Amino acid sequence: MRDKQFKNLDEQLEIFKYKGLIIEDEEFAKTVLLRENYFFINGYRHLFMKSANNKRYIEGTTFEELYSLFLFDRQFRNIIFKHLLIIENNIKSIISYQLSKKYGYKESDYLKVKNFDGAPDKQRQINDLLKKMKRQIRVNGGQHSATSHYLSNYGYIPLWVLVKVLSFGIVSEMYSILKLEDRLAIASIYGIDQETLTNYLPILANYRNLCAHEDILFENKTQRFIDDTRYHSLLNIDKIDDEYIYGKNDLFALLIIIRQLLTSTEVKNLILEIEKVLNNLEYNLKSISIDKVLDRMGFPSNWKDIAGIEIGD
């Protein structure tokens, strides 16, 4: 296997130019590459390629366009991340309230195997998760002011405080192994069924981590698919072979999930923020249309209408 050799900034620009990218201001481009990393900027090239097989840029594509898509994804990622953190905080609060009310506020009470699903095939998962949670108490308990306060003054950490140091992934897994009546009670607060919420939470946790690590977001697709929803039908999303082409495992699927878990006001603000950064990107695109970006995101042309569909419609 051939090694990847280090390329200086001038050599990086030459690679871009060799593939047909127009560099109008080389000093600007070199400053961007130094600050942002050639590898990460280059990760946004695919929409500007002539085809999957032809690795040259579409005629007229400029470095500024490539960089605009990079900046759009950063802004879009920050918007999504902010709202995912709201959902994460909400679900942690609701789960801790439900379990504390029912099983007690000390970890010796709420971290009992009997408080979880009694199905034989879930016992190993339950035991493993409880070990993870207890390890979080040992490792992180003294590093956060709230958890350390309870440990020092009371000798235990209530669940509503412990969730502060639990990852979204752990909380997501915890929900999946709760007793059925607890899953139902929590899901009912959102007006959805427990199977749907069980499927949604790992998707949200995955996107939350993707955003936190600044990976490419706008064209990301998940391995998990969401079920068809009323939003798919009310927005008249096109189908191929009786399957919706958008909103199944793409960014619009994430938007459908978010629509069901945030308030109407929060969703309307989210839509406005996304619209603003999309409009800015559209202004900066010359060689491709914004529709090509929306298609890669999985957004139908009427994507903004999701904000006007109320939960009870």
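1. In this predicted model, helix H2 (residues 26–36) has five residues that count as buried, namely Ala 29, Lys 30, Val 32, Leu 33 and Glu 36. An α-helix has 3.6 residues a turn, so residues three or four places apart point the same way. The buried residues of H2 pack against helix H1 (9–18), helix H3 (38–42) and helix H4 (63–103).

2. The other side of H2 carries the exposed residues Glu 27, Leu 34 and Arg 35. Leu 34, which belongs to helix H2, has a relative accessible area of 65%. Because exposed residues are those over 50%, Leu 34 falls in that class with its 65%. Between the C-alpha atoms of Leu 34 and Ser 108 the distance in space is 52 Å, and the two residues are 74 apart in sequence.

3. The N-terminal end is capped by Asp 25, one of whose side-chain oxygens lies 3.3 Å from the backbone nitrogen of Glu 27. Just after H2, Asn 37 adopts a positive phi of about 90°.

4. Helix H4, one of the elements against which the buried residues of H2 pack, also meets helix H13 (residues 251–261), the two axes coming within 11 Å and crossing at roughly 35°. The crossing of H4 past H13 is left-handed. From H4, the residues in this contact are Phe 76, Ile 80, Leu 84 and Ile 87; from H13, they are Leu 251, Leu 254, Ile 258 and Leu 261. Classified by residue type, the contact of H4 with H13 comprises 8 nonpolar residues, with no polar and no charged residues.

5. On the H6 side the contact involves Gln 125, Leu 129, Lys 132, Met 133 and Gln 136, and on the H9 side Ile 170, Glu 173, Met 174 and Ser 176. The residues of the contact of H6 with H9 divide into 4 nonpolar, 3 polar and 2 charged. The contact of H4 with H13, by class, has no polar and no charged residues.

6. Arg 208 is located in helix H11 (residues 194–212), and its relative accessible area is 19%. Since the limit for a buried residue is under 20%, Arg 208 counts as buried at 19%. Apart from neighbours within four places in sequence, Arg 208 is in contact with Phe 81, Leu 84, Leu 85, Glu 88 and Phe 168. Of these, Leu 84 is also listed among the H4 residues that meet H13.

7. For the chain as a whole, the model contains 15 helices and 2 strands. The C-alpha atoms fill a box of roughly 65 × 45 × 40 Å, taken along the principal axes. Of the 313 residues, 48% count as buried. Among contacts between residues at least 6 apart in sequence, 69% join residues at least 24 apart.

Notes. Residues are numbered from 1 along each chain as its sequence is written. This is a predicted model: local features need pLDDT of at least 70, side-chain atom pairs count only at pLDDT 80 or more; totals for chains, interfaces and linings use all residues. Side-chain values use heavy atoms; hydrogens and water are left out. Contact means heavy atoms within 4.5 Å. Helices (H or I, at least four residues) and strands (E, at least two) are DSSP runs, numbered from the N terminus. Ala, Val, Leu, Ile, Met, Phe, Trp, Tyr, Cys and Pro count as nonpolar, Asp, Glu, Lys and Arg as charged, and the others, Gly among them, as polar. Buried means under 20% relative accessible area, exposed over 50%, partly exposed in between (1.4 Å probe, protein chains only). A polar contact is a pair of N or O atoms within 3.5 Å; within protein, one must be able to donate a hydrogen and the other to accept it, and residues adjacent in sequence count only if both atoms are side-chain atoms. Axes are lines fitted to C-alpha atoms, for helices over the stretch in contact, and angles run from 0 to 180 degrees between N-to-C directions. A crossing is left-handed if the near helix is turned anticlockwise from the far one by less than a right angle, and right-handed if clockwise.
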